[in-house]
Structures are given as structure tokens and as C-alpha cells.
Amino acid sequence: MSKTPSERPITSITDLLALAYQIEADAVQRYTELAEQMETHNNQELVTVFRDLAKAEGIHAEEIRKMAGDIDLAAQAQRLARWKKGGSPEEADLGAAHYLMTPWHALQLALTGEKQALAFFTSILDSANDAKIKERAAEFVEEEAEHVNLVHRLLRKYPKPSDAWAEDDDPPAPQG
Amino acid sequence: MSSVETRLATKPADYKSDVTPIWCPGCGDYHVLMSFTRAFAQLGLPPEQIVVVSGIGCSSRIPAYTNCYGFHGVHGRSLALAAGLKVTRPDLTVVVASGDGDGYSIGGNHFLHACRRNVDMTYVVMDNRVYGMTKGQPSPTTEPDFDTALSPGGTGLSPFHPLVIALASGANFVARAFSGEPNETAGILVEAIRHPGLSFVEILSPCVTFRPDEREWKSLVHSAPVTATGDPAKAARRIMTDDGFNIGILYRGARRPYQPRMGDQSIDLADLEKDFEL
């Protein structure tokens, strides 16, 4: 079951901004939850990575909120955002988390999210008839493409771990 | 009802408490919690009008993570407690959370009779086919060949078939959901809560620690190819012959919910004690 975009077509700049804002806000929430999980399970390196990712998404959300001026984007998004399946495009998959996961795994989640956001805004760009919506969607496409590149650059710092990354010297042992 | 001010809650986050969940990273129950809060937000119910009741186990931690009223009760007894609550306070929305061990084994008999009574509440079982909290013992839904230290080579026992048992016992709404699709699950929960009588929703929720193989469920689940039926025999036949990964609302019944007349609410404890005097 794959993620699918909003059921309703986007008919105004406000709707587009509201969805863009909600996508970033959802990502902030998900990365924060993952940071909390890692904190509970004492994976401190990942706490930092997920908090940094949440912070970056929060900055994007704030930038979009400023574009909208006095309009309450969160309320507008609440009315609009209905994702049929999966989460909103940038939400990291909580099911992919592991207590021993590494920064490489976290960045893979981020990469998936950014690619999904890129695909989402590209679909709006391709389908919109309104010139202003097209123009704003093009800006978001450009931004998300830059985010994809950024994650790729970060991945150079964190190469793929060995296949033994999930091996635990003191694993949760099943009891009889 | 009272002078308590109704809080406006419109966002899923409004239904989350300040308590940080301590499930294992990757656990399906995180998504179930998300589905609960999204469903409550879609229904627009004030948190103080919802009660989440649970028993014991990983899944039963969920009341603490919501901002609604909650009761983390005795192992397997959540349905009895919730039924008592609902008949005395029919104005409240009662959601019961359980797992396959708590709900089908220790609370197995309560499950049958809760379905039979058909009190208007929603019963959610997070099924991971293992006792997770006590470290991986087989549960009533564990496959017969699942090899554990307690059951080398597997139990050899046929798994319990909760959806069919719910139907046969009289549940008025039966659905199967997958934790990894929190929006779809939230939609099913909304329908379950709205439907009168006992609504039973089994959520396949992987235990990534003691059943890492269940991470594969994501690629196995699929939407039910047919719409829900109101014929329990037809629903039972479909469920008995599906692959166990059929997701959706499978049965919507029309039985009248059980709601006893509560009589005079002004009776005090002393009046009740008189009936028990020797």
C-alpha cells in the first residue's frame, strides 16, 4: 500500500501553502517521536540526528507559515489534508525504526520522505491549471529537490553500516 | 451534564498525553496510538467524553498515552469493566484496548460474552501473535510451528480465529486493520465507534522484537475486495477462507445494543446495603 496524495484538488495558493505547512509539521512530529523513542532506548547518537531533522523541518514549516501572513495554515490544513493511505509525504515510517539503528538508517528515512514530498509537489505542478499555483508549486519542487540533494550529501558522511549493525551483545531474549 | 467546561479538541495532538511511550522502536502500537488520536479528532469528541479502558500487556499501555479518561485494569478483564462503565454512563464513548494474550486467552471468556451482550462500545485488539511484554511466549493466535524456548518446534495448536468467534458470539461490527496504515485504521475506528453495539476491530500490529518476521506484514496486507456484509454467515465464510491479511470492514450488523434501564439514580449506598442485610 503506497502513499497517495490528498483526495481533493488544490484550487488556491492558501490550500497549497496549508498542505505544504502540514507536510512539514507532520515531519516535525514524526522525527520528534523517533527522537523520543531513541532517548528511551539510549541511542544518543540517533536522538541528536532525529532532533536535528525535526529542527530543520520546523524551520521549513515556519518559513511557509510566514508566506501565508495572518492565515491560520494549521486550521486550513486540518480541513484539507486527508491522506487516503500511508502518512503525509514527509512522515518517516515509524515501523522502520530499530533501537540500534544508525544515522545512515535515519537519513534513509529522511531521503524517502524528501523524495515523496518532491513527487507530491511535482504532481501538483503537473496537474495545476492556475498560473500562480503552478509558480508556487515549482518553488516547492525546487526546494524539495534541494533537500533530496542535501540528504545525499549528508549520506556521504555516514556510509552504509555493516550487515551486523543490528547485532546486540545483550539482546532481548525470549523466555520460556 | 455539569459545570465542567468542554475542551475543544480538533487535532490528533490534542488527544495525546505528556507521557512518552516506551514501546520498542518499530512496534506497531505506535501507529495504533496515532490511529486512535486521528479517529478521535475526526469524530470531534471532547477528550473528557472518551474513556480508553485496557487490561495488561504492551498494547494495554495505550490509555496512559492519550489525554482521555483511562483505566489500566486487570489482565483480561477490560471488557467487563468497560461494559459496567458504559451501561452506567451511556453518554460516554468507550473504547477498549487489548492484545491477543490479554483479550483472547486470559480474557477469552469476557470476549465471547461482551460480543453476546452487544453493549455499545468499541473493542480494539492489537494482535501481534505473541506475548510481547513477558518476552515471547506463544499466544492464542500464534502459528502452530512458531518455535520458542517454551514450545520447542511450536505448540502444534491451531490458532484462535477471533473475527469468526466475534461474529458467532454476536458482535455487531467486525473489521480487520493494519497498524502500518494509520489513516486507513483511523477511518475504520471512526466507523466502529459510530456503529451501535459491540464493534470489534482486530489490528495486526507487529512485535518487531519477538516476531521480527512480522515486519513483512506490510507487504502482505491488502484491502478487502468486497464491501461489508450484514449477513453473519456470509461474513464468517469470507473470513474463514481469506488469507488473514484482508483489511477493511467485514461485517456490519443490525442488532440492538444492550442498554439496561438504570432506574432511580438517587439510591445511595445505604439503600443498597439494606438488600444484603442478614
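What follows is a chat about a predicted model with chains A and B.

Colleague: Let's start with the sheet in chain B. What order do the strands come in?

Modeller: Going across, the order is E2-E1-E3-E4-E6-E5-E8-E7. That's an open sheet of eight strands, and the pairing is mixed.

Colleague: Which strands stand at the edges?

Modeller: Strand E2 (69-72) and strand E7 (222-223) of chain B. Each has a single partner strand, so one side of each has no neighbour in the sheet.

Colleague: And E5 with E8 in chain B, parallel or antiparallel?

Modeller: Antiparallel, over four bridges. E5 of chain B covers residues 173-178 and E8 of chain B covers residues 246-252.

Colleague: I've got B:Arg176 on screen. What does it stand opposite in E8(B)?

Modeller: That would be B:Gly248.

Colleague: Which strands does helix H2 of chain B lie across?

Modeller: Helix H2 (residues 78-88) of chain B lies across E1 (50-54), E2, E3 (93-99) and E4 (122-127) of that chain. Relative to E3(B), the helix runs at about 180 degrees.

Colleague: Changing topic: where is B:Gly107?

Modeller: In the loop between helix H3 (100-106) and helix H4 (108-117) of chain B.

Colleague: Is B:Gly107 buried or exposed, and why?

Modeller: B:Gly107 is buried, because 25 other C-beta atoms lie within 10 Å, and 20 or more is the cut-off for that label.

Colleague: What is B:Gly107 in contact with, leaving aside neighbours within four places in sequence?

Modeller: Three glycine and serine names to look for are B:Gly55, B:Gly76 and B:Ser98, among others. The list also includes B:Arg77, B:Ser78, B:Leu79 and B:Asp102.

Colleague: Now the two chains together. How many residues are in contact?

Modeller: 25 residues of chain B are in contact with 22 residues of chain A.

Colleague: Which elements of chain B give two or more residues to that side?

Modeller: Helix H1 (29-43) and helix H6 (182-194) of chain B. H6(B) has the largest share, with three residues.

Colleague: How does the side of chain B that touches chain A divide into nonpolar, polar and charged?

Modeller: Nine nonpolar, eleven polar and five charged residues.

Colleague: Last one, over in chain A. Where is A:Lys115 found?

Modeller: A:Lys115 is in helix H4 (residues 103-127) of chain A. It counts as partly exposed, because it has 17 C-beta neighbours inside 10 Å.

Colleague: And how far is A:Lys115 from A:Trp104?

Modeller: They're eleven residues apart in sequence, and 16 Å apart in space from C-alpha to C-alpha.

Notes: Residues are numbered from 1 along each chain as its sequence is written. Chains are lettered from A and ligands numbered from 1 in the order in which they are written. This is a predicted model: local features need pLDDT of at least 70, side-chain atom pairs count only at pLDDT 80 or more; totals for chains, interfaces and linings use all residues. A residue is buried if 20 or more other C-beta atoms lie within 10 Å of its own, exposed if 12 or fewer, and partly exposed in between; C-beta atoms are placed from the backbone. Two residues are in contact if their C-beta atoms, placed from the backbone, lie within 7 Å. Ala, Val, Leu, Ile, Met, Phe, Trp, Tyr, Cys and Pro count as nonpolar, Asp, Glu, Lys and Arg as charged, and the others, Gly among them, as polar. Two strands pair if DSSP finds at least two bridges between them. Axes are lines fitted to C-alpha atoms, for helices over the stretch in contact, and angles run from 0 to 180 degrees between N-to-C directions.
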